[in-house]
Amino acid sequence: MPGVEPPQEIVLDAGRLATALALVPDEDPCIRPVQLREQAADAAGAALGPDDATPLGHFADGLEPWLIVRTGIDLSGLPPTPLDFPPIQDRSWWPLGWLTVGLMSRLGARLVSYACENKGAAFVNLVGRPEEVVGAGLAERSTKAMRGHTDGASFPFPSEFAMGGEAHSPAPDFLVLVGLRNPAGTPTKLAPASMALDALTDQELEAMEGPWFDIAPQGTFDTEQIRVGAPLLSRREPRHGLSMRFSHGKITASHGAPPAAETALQRFKEALPDLYAEVAIGPGDICLIHNRQVIHGRGAPGSGVGGTTRWLLRTYGWMGDTVGNPQAGGPAHVHL
Ligand SMILES: O=C(O)CCC(=O)C(=O)O
Ligand SMILES: [Fe+2]
C-alpha cells in the first residue's frame, strides 16, 4: 500500500498459548467480560512473550494505529457460521473471546457495548446474512464491500460527553475484530485518519473542527438521534493528538456550513482509497484498532451464508478513563 508501513504484529508461541488457555474463565465471555477481565488479563499475559511488551505498549500509547495478534488457536470445533449478529452460546469461540478481553485489559481497556446496538451483546457476529432472516436489503449489504468509517460516529467524543447533556455514551475508543473464519481472505481495510487529513488545506482542517456537520447513526444502532452541527475532528481527547469520526454515507455538511466544510469532507473521502492497508483477519487473529484514529472498511465477503463462510466477531473497548451512562440494572459493560 502506498505510504503505509506494515502494521505491527504479534504471533503467539504455541506453548505459551496452551498455558494461557488453561487460565481463561470457563464461561460465556458475553456475560461478565468486565468483572472477569483481571483473570483474562492473567491468561493473556501467559500467552505473551518478553518481546511482545514493546508492540503492545506502543499500541496502547497510541504510537501505532492498530495491532494484530495472531493467536494460532485451534478453532476446529467451530459450528457452522451463524446467520446473524447475536452471539451464539457455543464454547468453541469462548477461549478466543477471553484472550481478546485479556489483551484489551492489558492495554488498559475494558469491553463496552451499547444497549441500542444488538441489545448490548458484548461480542457480535459479522457474517453473511440470509434474506429470509434480515430481508433483501441487509442480506445484500452483508455480502458487499463496506466503505470507510469509524464505528459509532454519531456518538459523542469523550470530551463532549464530559460537558453533559448527551443522550448516548461516548463512541468506542477501540474497535476489536476477531477472526473465526475467512476462507477467501476478505481484507479489512485500515487507513490512519491523520494521513487522510494531510490532504486538506489549513482552512479545510479548521472546518473539520467546526460545528459544520450532521451525523446520522450507524445502521446497527437502534436510535433516531442525529448529531447536528458537530465537528468531525477533535484535538481534545485523551492520549491522541487527533480524533476523527467519519462515515462516507452518514455525514453531510450542515445547512449554512462554510464551503470549506463541504470541500474538507470531499477531499477526505477522496484521499482514503489510496491510503488503505489491507489486512486479512484470519482464524484466531485479534485485530485491535484505535477507532478514532483509523478509518476502517472491508472488501466484499461475497455471496454465501452459513457453512464455512466468513465469520468475524466484533467488540468495542473504552480506555479506563472513558466514562459513559451505564444501563440501569444491566451488566457492567452495557451503556446507553
Ligand atoms: O467485516 C469487516 O471486516 C468490518 C465490518 C465493519 O466495519 C462493521 O460491521 O462496522
Ligand atoms: Fe465498522
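Two strands count as paired if DSSP finds at least two bridges between them. With that in hand, look at E9: the bridge partner of isoleucine 215 there is arginine 227. One thing before you start: this is a predicted model.

**Exercise 1. Work out which strands form the open sheet around E8, and what packs on that sheet.**

Solution. 
- Step 1: count the bridges. Strand E8 (residues 213-215) and E9 are joined by two, and they run antiparallel. Two bridges is just what the pairing criterion asks for, at least two.
- Step 2: The open sheet has three strands, E9-E8-E12, with antiparallel pairing.
- Step 3: find the edges. Strand E9 (227-230) and strand E12 (251-253) are the edge strands, each pairing on one side only.
- Step 4: check the twist, which averages 20° from one strand to the next.

**Exercise 2. Find the edge strands of the four-stranded open sheet and say why they count as edges.**

Solution. 
- Step 1: read off the order, which is E5-E15-E7-E13, again with antiparallel pairing.
- Step 2: look at the ends. Strand E5 (146-149) and strand E13 (277-280) each have a single partner strand, so one side of each has no neighbour in the sheet.
- Step 3: Ignoring direction, neighbouring strands here are turned by 20° against each other on average.
- Step 4: zoom in on one pair. E5 pairs with strand E15 (residues 294-298) in the antiparallel sense over two bridges, and histidine 149 stands opposite histidine 296 in E15.

**Exercise 3. Decide whether strand E2 (residues 66-70) is largely enclosed or open, and trace its partners.**

Solution. 
- Step 1: apply the cut-off. Buried means under 20% relative accessible area. Four of the five residues of E2 pass that test, so the strand is largely enclosed by the rest of the structure.
- Step 2: take the parallel partner. Strand E1 (residues 8-11) is joined to E2 by four bridges, and the two run parallel. Glutamine 8 sits opposite leucine 67 in E2.
- Step 3: take the antiparallel partner. E2 pairs with strand E14 (residues 285-290) over five bridges, and in E14 cysteine 287 is the bridge partner of isoleucine 68.

**Exercise 4. Describe how helix H1 (residues 14-21) packs against helix H2 (residues 37-47).**

Solution. 
- Step 1: start with the geometry. The packing angle is about 165° and the axes lie 7 Å apart.
- Step 2: classify the angle. That value makes H1 roughly antiparallel to H2, and H1 passes H2 in a right-handed crossing.
- Step 3: list the contacts. From H1, Arg16, Thr19 and Ala20 meet Ala43, Ala46 and Ala47 in H2. These contact residues split into four nonpolar, one polar and one charged.

**Exercise 5. Compare asparagine 118 and lysine 119: what are their phi values, and is each buried, partly exposed or exposed?**

Solution. 
- Step 1: locate asparagine 118, in the loop between strand E3 (109-114) and strand E4 (124-127). Lysine 119 belongs to the loop between E3 and E4 too.
- Step 2: check phi. For asparagine 118 phi is positive, near 50°, in a residue other than glycine. Lysine 119, not a glycine either, has a positive phi of about 55°.
- Step 3: check accessibility. Asparagine 118 is partly exposed, with a relative accessible area of 22%, whereas lysine 119 is exposed, at 80%.

Notes: Residues numbered from 1 in each chain as written. Chains lettered and ligands numbered in written order. Predicted model: local features only at pLDDT ≥ 70, side-chain atom pairs only at ≥ 80, totals over all residues. Heavy atoms only, no water. Axes fitted to C-alpha atoms, helices over the stretch in contact; angles between N-to-C directions. Parallel < 35°, antiparallel > 145°, perpendicular 65-115°, else oblique. Left-handed = near helix turned anticlockwise from the far one by under 90°. Contact = heavy atoms within 4.5 Å. Nonpolar A, V, L, I, M, F, W, Y, C, P; charged D, E, K, R; others polar. Buried < 20%, exposed > 50% of the residue type's maximum accessible area, 1.4 Å probe, protein only.
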